[in-house]
Amino acid sequence: EYAALSEQHCGQHRHDHQRCIKHKKLDPLSMSAWYPQCGEPYELESACVGGLLGEIDKRCQAPLEAAATAVRRAGGNFTDQRLSSALEGIGQCLAKVAKTKGVAPQYDAEGARKRFVMSKDLLTR
């Protein structure tokens, strides 16, 4: 469910990043190679995902807290039924958030762009 939410709200930045790397024939495993040319959409995606996590935290606080409690009570037993149920609650909440109209992660796009420019300057020195 989280992957679908991330794609829905921040996917365009990831696609722009991947398209840039492919178009410029850069090594995706070498950040120092691709970042100066393709780092802006990467930074925008990171900022967007941070905003999305904040939105999820607000909207799914109760199921997240219930799951945290269930993890502690399970004591390492990942087959514990209460833990499975609590994790299912998180999935249901994420599915509900994905269907909710008007959900828009708040993030600082301008700050992400500035971070890119500063990091690019450091890498190209």
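Tutor: Cysteine 20 is joined to cysteine 38 by a disulfide, S to S 2.0 Å. Keep in mind that this is a predicted model.

Student: Which helices do cysteine 20 and cysteine 38 lie in?

Tutor: Cysteine 20 is in helix H1 and cysteine 38 is in helix H2, so the pair ties together parts 18 residues apart in sequence. The link is left-handed, with -75 degrees about the S-S bond.

Student: Are cysteine 20 and cysteine 38 buried or exposed?

Tutor: Cysteine 20 counts as buried because its relative accessibility is 15%, and the cut-off for buried is under 20%. Cysteine 38 is buried too, at 0%.

Student: How many disulfides turn up in the whole structure?

Tutor: The search finds 3. Cysteine 10 and cysteine 48 form one of them, with sulfur atoms 2.1 Å apart. Cysteine 10 belongs to helix H1 and cysteine 48 to helix H2, so this pair ties together parts 38 residues apart in sequence.

Student: Why is the disulfide of cysteine 10 and cysteine 48 called left-handed?

Tutor: Because the torsion about its S-S bond is about -80 degrees. Cysteine 10 is buried at 0% relative accessibility, and cysteine 48 is buried at 0% as well.

Student: What does cysteine 60 pair with?

Tutor: Cysteine 93, with S to S at 2.0 Å. The pair links distant parts of the chain, 33 residues apart: cysteine 60 sits in the loop between H2 and helix H3 (61–74), cysteine 93 in helix H4. Both cysteines are buried. This link is left-handed, at -95 degrees about the S-S bond.

Student: What's the pairing in sequence order?

Tutor: Numbering the bonded cysteines along the chain, the pairing is 1-4, 2-3, 5-6.

Student: New topic. Where is the kink in H1 centred?

Tutor: On cysteine 10. Helix H1 covers residues 2–23, and the kink is about 80 degrees. Cysteine 10 is also the residue bonded to cysteine 48.

Student: What covers the buried residues of H1?

Tutor: The cover includes helix H2 (31–59) and helix H4 (81–99). Among the buried residues are Leu5, Cys10, His13, His17 and Ile21.

Student: What does histidine 13 touch?

Tutor: Leaving out residues up to four places away in sequence, histidine 13 touches Pro41, Leu44, Glu45, Cys48 and Tyr107. Histidine 13 counts as buried because its relative accessibility is 16%.

Student: And just after H1, what phi does lysine 25 take?

Tutor: A positive one, about 55 degrees.

Student: On to charges. How many salt bridges does the structure hold?

Tutor: It holds 8. In one of them the side chains of glutamate 45 and arginine 14 meet, 3.7 Å from N to O. Glutamate 45 is in helix H2 and arginine 14 in helix H1, so the pair ties together parts 31 residues apart in sequence. Glu7, Arg14 and Glu45 are linked in a network of salt bridges.

Student: Which residue does glutamate 40 meet in a salt bridge?

Tutor: Arginine 113, at 3.0 Å from N to O. That links helix H2 to helix H5 (residues 109–123), across 73 residues.

Student: And glutamate 43?

Tutor: Glutamate 43 forms a salt bridge with arginine 115, the closest N and O atoms being 3.4 Å apart. This pair also links distant parts, arginine 115 in helix H5 and glutamate 43 in helix H2, 72 residues apart. Glutamate 43 is buried at 11% relative accessible area, whereas arginine 115 is partly exposed at 37%.

How values were computed:
Residues numbered from 1 in each chain as written. Predicted model: local features only at pLDDT ≥ 70, side-chain atom pairs only at ≥ 80, totals over all residues. Heavy atoms only, no water. Bend = angle between axes of the 7 residues up to and from the residue. Helix = DSSP H or I, 4+ residues; strand = E, 2+ residues; numbered from the N terminus. Buried < 20%, exposed > 50% of the residue type's maximum accessible area, 1.4 Å probe, protein only. Contact = heavy atoms within 4.5 Å. Salt bridge = Lys/Arg side-chain N within 4 Å of Asp/Glu carboxyl O. Disulfide = S-S within 2.5 Å.
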